[in-house]
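Have the sequence and the coordinates open side by side. The text below walks through the fold in steps, from the whole chain down to single residues.

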Amino acid sequence: MSETFKGKSTSRRAFLRGAAAAGAGALGAGAAKAATPDPLITETQPWARGFGDGVDVTPYGLPIRFEDDVVRRNVDWLTADTISSINFTPIHALEGTITPQGCAFERHHSGAIELAKEDYRLMINGLVETPLVFTYADLERFPRENHVYFCECAANTGMEWAGAQLNGAQFTHGMIHNMEYTGVSLRTILAEAGVKPEGKWVYVEGADASSNGRSIPMEKALDDVLVAFKANGEALRKEHGYPVRLVVPGWEGNMWVKWLRRIEVTDAAVQSREETSKYTDTLEDGTSRKWTWEMDAKSVVTSPSPQAPITHGQGPLVISGLAWSGRGAITRVDVSKDGGKTWETARLAKPGEKMALTRFYLDTTWDGKEMLLQSRAMDETGYVQPTKTQLREVRGLNSIYHNNCIQTWWVKPNGEAENVEVS
Ligand SMILES: Nc1nc2c(c(=O)[nH]1)N[C@H]1C(S)=C(S)[C@@H](COP(=O)(O)O)O[C@H]1N2
Ligand SMILES: [Mo]
């Protein structure tokens, strides 16, 4: 081969043959050199012999069919039916930080309802000077804001308390999405109605049968909560609360009421089902933690991971993952290849943003040996993501919600990865 390469071959084919580097295995990142003429390059392909689709073939486009495995998935045994259930974002197959609505996890307590804008009403009552009802068109006349925030169900990673269980980042960490919301600040709407001095909480509920009512302290309601009607530039999808949902930055997903229909200003928390019997954490001594609104700092390696194995053998390897904190911005993420014995600091794709997903990378070289891959997030408050042992020390084994411990993937020499516990 190298003979022809060095020689003064004039034929195009001979040149291509000659330009070969022997075998694909020993290549550096991205430097593909074909050993033999590649018909994909040398032959005219079907897609170049005719025309492609005209405009308007798909008035609203879907991903190309080759990507049809990048979808939400549920776990059948988790819930009795799909009406009150959850599915998971395919985080192992996404990049960057914005979650397309079409594959963002769904959590419904009584199914996703169809509610037209014309039929939409938002009532604000209780301890206010003037009880008000807004139509969708009314909401559009208030000043708007745009913010990117993550929404994480408090049950995310909940199945992993006792030990490694679900084989894939989608299933262990996929009850999360991250979108750019457009909406009106709740502060603006409360000001319109005029909160009475004794108004210390708001009780928010949805128009679906479950209503999913939750109490939010006034301090948060006046801080950064949004009454949102767009996500990622377009209308909210039905599944995510069309036409209007509440966005409660950094706080557990359950408070992000979809199909928002009523905001009642109260002097005390309502103590609804969703904040007493559910979304509380039973500790070792049998008492329960309540009002655990903020999502603790957390991270996960999305690739390699069980659904995203290494297929290229040893050499350059991009380790990629997501980190987030309900208390502010992510400041640093460390990655370990040996189950937490040694750590390397990852590169953040962009400086961390408050209560939004942060993408991290470790551009590394894989020696082809097994790894116990972990990531550990730190946020601007100085909080460090705990190990499973550290979390169990304070929370015991009875919890479901708010499991933010360090995740381990056992990457084997063949590149496959498995969910394992290194506590
Ligand atoms: N009205 C209403 N709001 C709701 C729910 C619901 O069932 N009904 N589920 C809650 C829960 S538990 C979560 S985690 C988030 C999920 O939002 P998503 O379906 O857009 O992912 O919505 C919350 N808001
Ligand atoms: Mo949730």
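What follows takes the chain as a whole, then its annotated parts, then some helices and strands.

The model is predicted. The chain has 423 residues, of which 39% are buried. DSSP runs give 9 helices and 23 strands in the chain. Along its principal axes, the C-alpha trace spans about 90 × 55 × 40 Å. Among contacts with a sequence separation of 6 or more, 69% are between residues 24 or more positions apart.

In an unreviewed entry, residues 115–271 are annotated as "Oxidoreductase molybdopterin-binding". The chain over residues 115–271 is 13% helix and 36% strand, and the C-alpha atoms at its ends are 27 Å apart. The other annotation, also from an unreviewed entry, reads "Moybdenum cofactor oxidoreductase dimerisation" and covers residues 289–408. Residues 289–408 are 7% helix and 39% strand, with end C-alpha atoms 27 Å apart.

Next comes the ligand. Ligand 1 is surrounded by 21 residues, and the closest are His-109, Cys-153, Gly-206, Asn-212 and Gly-253. Sorted by class, the shell around ligand 1 holds 9 polar, 7 nonpolar and 5 charged residues.

Leu-260 is found in strand S12, which covers residues 260–266. Why does Leu-260 count as buried? There are 25 other C-beta atoms within 10 Å of Leu-260, and the cut-off for a buried residue is 20 or more, so Leu-260 qualifies.

Helix H7 runs over residues 186–193, and its buried residues are Leu-186, Ile-189, Leu-190 and Ala-193. Viewed down the axis of H7, these buried residues fall within an arc of 100°, so they line one face of the helix. The spacing follows from a general rule: an α-helix has 3.6 residues a turn, so residues three or four places apart point the same way. The cover over the buried residues of H7 includes strands S3 (121–126), S4 (132–135), S6 (176–185) and S9 (226–231), together with helix H8 (218–221). H7 is followed by Gly-194, which has a positive phi near 80°.

Within H9 (residues 388–395), Lys-388, Leu-391 and Arg-395 are buried. Seen down the axis of H9, the buried residues fall within an arc of 65°, so they line one face of the helix. They pack against strand S13 (281–282). The face of H9 turned away from the buried side carries the exposed residues Thr-389, Glu-393 and Val-394. Just after H9, Gly-396 takes a positive phi of about 70°.

Now to the strands. Four strands form an open sheet in the order S15-S16-S20-S19, with antiparallel pairing. Strands S15 (298–303) and S19 (347–348) stand at the edges; each has a single partner strand, so one side of each is left without a neighbour in the sheet. Within the sheet, S16 (residues 315–324) and S20 (residues 358–366) pair in the antiparallel sense over 9 bridges. Ala-323 stands opposite Thr-358 of S20.

Another set of strands brings the walk towards the end of the chain. Strand S21 (residues 371–379) pairs with strand S22 (residues 408–411) in the antiparallel sense over 4 bridges. Met-371 stands opposite Val-411 in S22. S22 is also joined by 4 bridges to strand S23 (residues 417–420), and S22 and S23 run antiparallel. Thr-408 stands opposite Val-420 in S23, and Trp-409 has Asn-419 as its bridge partner. The hairpin of S22 and S23 has 5 residues between the strands, and Gly-415 in this hairpin takes a positive phi near 90°. Which residues of S23 lie on its covered face, and which on its uncovered one? Ala-417 and Asn-419 make up the covered face, while Glu-418 and Val-420 make up the uncovered one.

Methods. Residues numbered from 1 in each chain as written. Chains lettered and ligands numbered in written order. Predicted model: local features only at pLDDT ≥ 70, side-chain atom pairs only at ≥ 80, totals over all residues. Near = placed C-beta within 6 Å. Nonpolar A, V, L, I, M, F, W, Y, C, P; charged D, E, K, R; others polar. Pairing = 2+ DSSP bridges. Helix = DSSP H or I, 4+ residues; strand = E, 2+ residues; numbered from the N terminus. UniProt positions renumbered as here; feature names shortened; annotations may be inferred. Buried ≥ 20, exposed ≤ 12 C-beta atoms within 10 Å, placed from the backbone. Contact = placed C-beta atoms within 7 Å. Arc of directions from axis to C-beta.
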